[in-house]
Amino acid sequence: MTHVLVLNGPNLGTLGTREPEIYGSETLDDLRALLEEDAAALGATVEVRQTDHEGELLGWLHAAAQAKTPVVLNAGAWTHYSIAVHDAVQYVTSSGVSLIEVHISNPHAREEFRHTSVITAVATGVIAGFGFDSYRLALAQLAR
């Protein structure tokens, strides 16, 4: 049975109340419940985590690489500038572990600074712009 980590970066703990016109009105708990249901249907398990602390995310990524656990990652704002997150993602994927970068909104349809991801070049793939379905598509791919 495949176990998938779904890791979320800064501000994603405020889903449902922060800019609902962009991120929707559903919460992180709603996302967790949706992904747990999808995982069960796919014969997989999922663990959804969120942090506003970069070092904690790095530790989770290092542990995923070492345990060979596939990852769905929404790094939030760190996507656009964190070389530390880039390096941790590269550690995951260079260890032979799949990591899919996800975004709820389409970063290319937003402010110009969001058009650049320091993660994309070292991620296995990217899914963006489909709301929570971005996560669902990534989970389905990793559970295959």
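Helices (H or I, at least four residues) and strands (E, at least two) are DSSP runs, numbered from the N terminus.

Before I continue, a word on the model. It is a predicted model, in which local features need pLDDT of at least 70 and side-chain atom pairs count only at pLDDT 80 or more, while totals for chains, interfaces and linings use all residues. Residues are numbered from 1 along each chain as its sequence is written, and side-chain values use heavy atoms, with hydrogens and water left out.

Strand 1, residues 2–8, pairs with strand 2 in the parallel sense over seven bridges, and V6 stands opposite V48 in strand 2.

Next, the interior. A nonpolar core is a set of buried Ala, Val, Leu, Ile, Met, Phe, Trp, Tyr and Cys residues joined through side-chain atoms within 4.5 Å. Buried means under 20% relative accessible area, exposed over 50%, and partly exposed in between, with a 1.4 Å probe and protein chains only. The largest such core has 23 residues, of which V6, L35, V72 and Y135 touch the most other members. Strand 1, helix 2 (28–42), strand 2, strand 4 and helix 5 each supply at least two residues of this core, and the largest share, six residues, comes from helix 5. Leaving aside neighbours within four places in sequence, L35 is in contact with V6, V46, V48, Y135, R136 and L139. Another core, of 22 residues, lies apart from it, and includes L58, A64, V92 and V118.

Now to the annotated positions. UniProt positions are given in the numbering used here, feature names are shortened, and annotations may be inferred rather than shown by experiment. In an unreviewed entry, UniProt places the feature "active site" at Y23 and H103. These residues span 81 residues in sequence, yet no two of their C-alpha atoms are more than 9.6 Å apart, so they gather at one spot. The lining of the largest pocket includes Y23 and H103. A pocket is an open set of points on a 1 Å grid over the protein atoms alone, where a 1.4 Å probe fits, with protein on both sides within 12 Å along at least five of seven lines; lining residues have an atom within 4 Å of a point.

Y23 is in helix 1 and counts as buried at 10% relative accessibility. H103 is in strand 4 and is buried as well, with a relative accessible area of 9%. Not counting residues up to four places away in sequence, Y23 touches L15, R18, I104, S105, R110 and R114.

The UniProt annotation "binding site", also from an unreviewed entry, covers N74, H80, D87, I104, S105 and R114. These residues are spread over 41 residues of sequence and also in space, up to 23.9 Å between C-alpha atoms. From this set, the lining of the largest pocket takes in N74, H80, I104, S105 and R114.

Is I104 buried or exposed? At 6% relative accessibility, I104 counts as buried; it lies in the loop between strand 4 (99–103) and strand 5 (125–128). D87, in helix 4 (residues 83–94), is partly exposed, with a relative accessible area of 42%.

I close with the backbone. Most residues other than glycine have a negative phi. N11, in the loop between strand 1 and helix 1 (20–23), has a positive phi near 75°. K68, in the loop between helix 3 and strand 3, has a positive phi near 60°.

Terms used. Pairing = 2+ DSSP bridges. Contact = heavy atoms within 4.5 Å.
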